[in-house]
Amino acid sequence: MDNSIFQVYEDEIQSLEEEITLLAEKYEDSQQETTFFSDKEILMSIKSFQREFLGESEGHESSSNLKALLESLETDLSFLMKFTGIQFTSHSKKTVEKTRNRTVRKHRLSGNCHSLSFQLEFQLLEMQNKDNVAAVVTDLSIAMEFGEDSDLSKFVSRSFSSYAQWRKHRRCTFLHFKNRSWTEHNISSQSIKHLLCQSSTIKKKKSDNLQMLIFPPVFPFVLTSSINNMDLI
Amino acid sequence: GVFAHLEMLEAQAHETAVKEEEMEQRAEKLARLKARVQELRLQRDKLRAKVDLQQNRQLEKGGVVSNPTQPTAQAVLEWKTKSLKAMLQVFYLTGISGKLTKQGVCFCIITAYESTYLDSYYLDLVIKTAVQIHRHSIPIFIPLEQLAKKYLQTDIRRFLSVLSDHLNAYVGRRYQADQLQEHFSDQIEGTVQRNSLCNLLVFNYKVSSKRKTFPFHVRLLYGDLCCSLPTEVVISCTPDAPKSLAETAAAHSDLFRRMALHKAFRYFSSAEQS
């Protein structure tokens with residue numbers, strides 16, 4: 001008698017279980033990505049959540065856990081934003097592809113870094129290897145607004161147009177500048193459109209007032225050195 | 001005679017009984033598996049329908065969907081928690097993340113090369129009257145103490161930024177050597193030799209000229225530890241190599257100085273083919 005018939009069923013069971021897991025995750029991801037609650041709604045939920053569980057002894061523990069988790073996450077996030085100077089004002093993502101070993105998500109981020117506001121869009125590919133998860137960013141596009149700070153915009157444009165002459169090369173970043181309000185005529189005449197950095201992220205201290213800090217490989221930011229060190233205690 | 005015959009019949013009966021039991025067990029197992037498959041198929045179909053419905057609703061409303069039923073406070077808070085976690089994940093992409101601890105902060109430096117994220121390193125800082133490094137996972141060949149002495153007390157951001165530069169450059173150099181070893185092993189003779197800091201690479205590769213191949217010996221020195229391109233490139237050929245190869249060596253040397261190792265190899269591989 002041959003056991004191959006068992007194998008056929010067992011294989012189908014395994015494949016169905018995987019498919020079910022994936023579908024459930026897809027559903028959850030989609031729910032998360034298309035829902036939005038305002039801060040006001042969050043606050044109201046916290047209050048009503050506490051009221052609901054105030055009486056029950058077992059419920060109280062889980063409610064305080066959720067609330068504690070929420071607070072701890074908020075604290076960490078607020079610290080990071082203060083420390084790095086990067087304030088994210090909105091973040092949306094959409095899962096474009098999800099299989100057993102591969103997840104591709106489109107991210108849209110907006111925020112500001114001190115007085116400089118930006119918008120980023122990119123695709124993040126995550127692949128499950130045997131021991132770890134590999135992540136790659138593709139299709140990065142950055143839009144920045146310089147407003148009236150002409151020094152800043154001049155500096156950034158000078159930096160990016162002259163990067164090729166720089167001898168220090170580090171990581172590779174794909175930069176596609178789509179800017180709406182270039183204020184200086186210098187910038188528009190330079191027409192910085194499509195910069196493919198064969199070399200890496202650019203970190204250079206140019207003038208006394210400006211220090212450019214680029215975190216690899218996604219975000220270019222300009223920090224003014226007049227910002228005080230944050231008090232960490 | 002009779003006794004032996006009886007024994008034989010007993011043995012036959014026993015064998016038959018065992019076979020019957022086996023068949024019963026197999027039938028039971030088969031039935032169980034079939035039932036499980038049916039159960040799972042049903043579950044899968046239900047989920048598929050649920051996901052399709054969800055996608056159709058989203059297409060209709062085009063974007064943010066308002067909940068048809070009033071969500072519970074718990075659901076709202078769980079949404080917010082997931083949302084905050086996603087935001088913290090985004091910070092990973094910037095190359096630096098962190099978490100407040102009872103005694104200070106635990107920073108995480110995430111390295112990357114050419115849009116590919118590579119290793120992460122952590123740094124657990126204790127902040128009392130001075131800033132101290134409590135624990136870390138920085139490799140020993142990175143001059144952590146030196147950098148800490150210079151910047152840690154006065155400018156933490158600068159300290160992290162410079163440390164991040166060192167780590168990213170190291171990881172970038174290592175990545176290039178790995179890529180070279182992995183994708184151009186047919187051209188490399190032996191292995192790419194490197195030190196732990198990956199700022200000294202030595203290897204031999206084959207260059208062809210007039211249907212003969214000659215070995216080139218390369219020594220790459222990365223003098224700037226915050227840089228993933230070499231500051232010094234020495235290429236030497238064997239004495240029997242034709243003089244025209246000196247030009248090739250110079251061209252390759254220039255390429256190695258300007259672009260990533262594996263990219264340089266890709267470049268002259270395709271140039272050779274054309």
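Tutor: A salt bridge is a side-chain nitrogen of Lys or Arg within 4 Å of a carboxyl oxygen of Asp or Glu. Keep that in mind as we look at this predicted model.

Student: Why is the pair Lys19(B) and Glu15(B) called a salt bridge?

Tutor: The N to O distance between their side chains is 3.9 Å. The cut-off is 4 Å, so the pair qualifies. Lys19(B) and Glu15(B) are 4 residues apart in helix H1 (residues 2-61) of chain B, about one helical turn.

Student: Is Lys19(B) buried or exposed, and how do you know?

Tutor: Its relative accessible area is 52%. Exposed means over 50%, so Lys19(B) is exposed. Glu15(B), with 48%, is partly exposed.

Student: What makes Arg135(B) and Asp124(B) a salt bridge?

Tutor: Their closest N and O atoms are 3.3 Å apart, and the limit is 4 Å, so the pair counts. This pair links distant parts of the chain: Arg135(B) is in strand S4 (residues 131-136) of chain B and Asp124(B) in strand S3 of chain B, 11 residues apart.

Student: What about Arg174(B) and Asp119(B)?

Tutor: Their closest N and O atoms are 2.9 Å apart, within the 4 Å limit, so they form a salt bridge. Arg174(B) sits in helix H4 (residues 156-183) of chain B and Asp119(B) in strand S3 (residues 116-127) of chain B, 55 residues apart.

Student: Which salt bridge joins Lys99(B) to chain A?

Tutor: Lys99(B) pairs with Asp76(A), with the closest N and O atoms 2.8 Å apart.

Student: How much area do chain A and chain B bury between them?

Tutor: About 7,500 Å², 68% of it on carbon and sulfur atoms. The contact takes 79 residues from chain A and 76 residues from chain B.

Student: Which residues have the most contacts inside the largest nonpolar core?

Tutor: They are Phe88(A), Phe107(B), Leu123(B), Phe159(B), Leu160(B) and Leu163(B), in a core of 65 residues. Helix H2 (residues 73-94) of chain B gives the most to this core, with 10 residues. Leu163(B) touches several residues, including Ile109(B), Leu123(B) and Ile138(B).

Note on methods. Residues are numbered from 1 along each chain as its sequence is written. Chains are lettered from A and ligands numbered from 1 in the order in which they are written. This is a predicted model: local features need pLDDT of at least 70, side-chain atom pairs count only at pLDDT 80 or more; totals for chains, interfaces and linings use all residues. Side-chain values use heavy atoms; hydrogens and water are left out. Contact means heavy atoms within 4.5 Å. Buried area is the accessible area (1.4 Å probe) that two parts lose on being put together, summed over both. A nonpolar core is a set of buried Ala, Val, Leu, Ile, Met, Phe, Trp, Tyr and Cys residues joined through side-chain atoms within 4.5 Å. Buried means under 20% relative accessible area, exposed over 50%, partly exposed in between (1.4 Å probe, protein chains only). Helices (H or I, at least four residues) and strands (E, at least two) are DSSP runs, numbered from the N terminus. Lists of a residue's contacts leave out its neighbours within four places in sequence.
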